[in-house]
Amino acid sequence: MKLTVFGATGGIGQEIVRQALAAGHEVTAVVRDPARLTVTGERLEVRVARFDDPEALRQAVAGRDAVLSGLGPRGTKQAGVTSRLTRPVVEALEATGTRRFLAVSAAPLGPVPENETFLLRYVATPLVSRVLRKHYDDLRVMEDDMRRSATDWTAVRPPRLTDGPLTGRYRTAVGTNLRGGAKISRADVAHAMLAMATDPATVKQPVAVAY
């Protein structure tokens, strides 16, 4: 496949680029600072593009089979950045007719499973939701923008992210959250996103992914 990756210098983004190249895909990595991208490969094209440059974004996504986004804040002080950066990407997809789009969101946006563990239902999830409220509010805006778009979108909702290795062993759930889903590595989120890119069951759906 021909893929474009936004947020390619982030933890999940670099894993998407690395794993996609290893699988034989052609990858365009959209970055603001090429020095922060440590992945290399013969089928890798690195594009420097600003999010206030619609033409550059259109060129980055035109003719691609799928566009994957690992965009997000680098710290809690950057709340609000995800929807602001994702919106022009969605507009570029609509302008070029490129339809498949997957973006990283977060598990707390999904419903709490009826049989959720006591710790997650009453302690961990409410606490994290309060601490990161502005971040999750921003992700809700992003998901709303995706739903209103003409794209074949998927909002990928992981819980707490770790720097653990790629295992390929995780659970997914379409349209709901996973009981006991407390964490997952960035590498496995990237693996799941690449698998979802060709899975019609995940189109126009939020999808939880966790161990």
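## Basis of the model

The model is predicted: local features need pLDDT of at least 70, side-chain atom pairs count only at pLDDT 80 or more, and totals for chains, interfaces and linings use all residues. Residues are numbered from 1 along each chain as its sequence is written, and side-chain values use heavy atoms, with hydrogens and water left out.

## Met142

Met142 belongs to helix H5, residues 133-148 (helices are DSSP runs of H or I with at least four residues, strands are runs of E with at least two, and both are numbered from the N terminus).

Apart from neighbours within four places in sequence, the contacts of Met142 include Thr82, Thr86, Ala103 and Ser105 (contact means heavy atoms within 4.5 Å). Gly97 is 45 residues from Met142 in sequence, and their C-alpha atoms are 20 Å apart.

## Ala155

Ala155 sits in strand E6, residues 152-157.

With neighbours within four places in sequence left out, Ala155 touches Ala103, Ser105, Glu143, Met146, Gln205, Pro206 and Val207. Between Ala155 and Gly175, 20 residues apart along the chain, the C-alpha distance is 9.7 Å.

## Arg32

Arg32 is placed in the loop between strand E2 (26-31) and strand E3 (44-48). Arg32 is exposed because its relative accessibility is 53%.

Technical notes:
Buried < 20%, exposed > 50% of the residue type's maximum accessible area, 1.4 Å probe, protein only.
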